[in-house]
Amino acid sequence: DRLHSVLALVWENDHLYEQVKSLIKWITNSQYRQLGFDYKESDSDLQKLLRQRIIASAGSAGNEQVIAEAKRRFALFIGGDESAIHPNLRGTVFALVVREGGKEEFEQVLACYKKFTIPDQKLAALGALGGSRQPGVLNTALDLTKDTSVVPALDVIYIFRSVGGHRVGRHLCWSFVQSNWPLFHARYQK
């Protein structure tokens with residue numbers, strides 16, 4: 001988590017950014033090999049928490065094995081096998097798939113968001129929608145914040161946080177907020 005904070009500091013310096021990503025990938029690789037995606041009854045509470053963090057960190061740093069497994073499990077999940085992704089990993093897998101995919105993956109996660117009834121699962125899907133590295137997909141995610149019939153007014157922060165939380169979306173998010181300031185001011189001024 002702290003190394004990801006460093007990424008947030010060096011996001012405009014390509015060389016440093018890639019070096020920190022390589023360090024994260026190196027640190028998380030052996031942990032990922034030990035933990036994998038599958039939860040076991042023998043797991044301690046710390047192992048359960050660590051699994052999600054390691055998969056998220058390794059995947060966002062570009063670990064190809066983690067990304068491939070996330071995509072495989074997501075395809076199974078979308079195909080109807082809800083057991084393919086443990087509920088504790090859904091947000092992480094959704095975020096990796098949206099990050100590595102395109103419009104299709106975005107739409108699939110959006111459909112999950114609309115279908116889910118359990119609040120933490122809805123918010124996990126919603127937060128993943130802003131993780132794309134494609135500006136067009138990010139604009140679609142940001143546009144969702146204007147329609148409270150899709151995203152409740154109190155939940156738009158999940159999209160802003162995910163779009164503004166990475167280097168492709170940071171400036172895009174700020175420009176969007178500035179362009180739509182009258183709408184957000186009117187909505188939240190009270």
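Predicted model: local features only at pLDDT ≥ 70, side-chain atom pairs only at ≥ 80, totals over all residues.

Me: Let's start with R167. Which side chain does R167 meet in a salt bridge?
Reply: D14. The N to O distance for R167 and D14 is 2.4 Å.

Me: Where do those two sit in the chain?
Reply: In distant parts of it. R167 is in the loop between helix 9 (156-164) and helix 10 (170-179). D14 belongs to helix 2, residues 14-35. They are 153 residues apart, and the pair links those parts.

Me: And D14, buried or exposed?
Reply: D14 counts as exposed, because its relative accessibility is 52% and the exposed class starts over 50%. R167 is partly exposed, with a relative accessible area of 24%.

Me: Next one. What does E69 pair with?
Reply: E69 forms a salt bridge with R72. Their closest N and O atoms are 2.8 Å apart.

Me: How many residues separate E69 and R72 in helix 4?
Reply: They are three residues apart in helix 4, which spans residues 64-78. That puts about one helical turn between them.

Me: Is E69 buried or exposed?
Reply: E69 is buried, at 17% relative accessible area.

Me: Now R99. What is its salt-bridge partner?
Reply: E100. The closest N and O atoms of R99 and E100 are 2.2 Å apart.

Me: Which residues do shared partners join into one network?
Reply: D38, E69, R72 and R73. Salt bridges that share partners tie them together.

Me: Change of topic. How many disulfides does the search find?
Reply: Zero, across the whole structure.

Me: And C112, buried or exposed?
Reply: C112 is buried, with a relative accessible area of 4%.

Me: What about C173, buried or exposed?
Reply: C173 is buried too, at 8% relative accessible area. Both values fall in the buried class because that class means under 20%.

Terms used:
Residues numbered from 1 in each chain as written. Heavy atoms only, no water. Salt bridge = Lys/Arg side-chain N within 4 Å of Asp/Glu carboxyl O. Helix = DSSP H or I, 4+ residues; strand = E, 2+ residues; numbered from the N terminus. Buried < 20%, exposed > 50% of the residue type's maximum accessible area, 1.4 Å probe, protein only. Disulfide = S-S within 2.5 Å.
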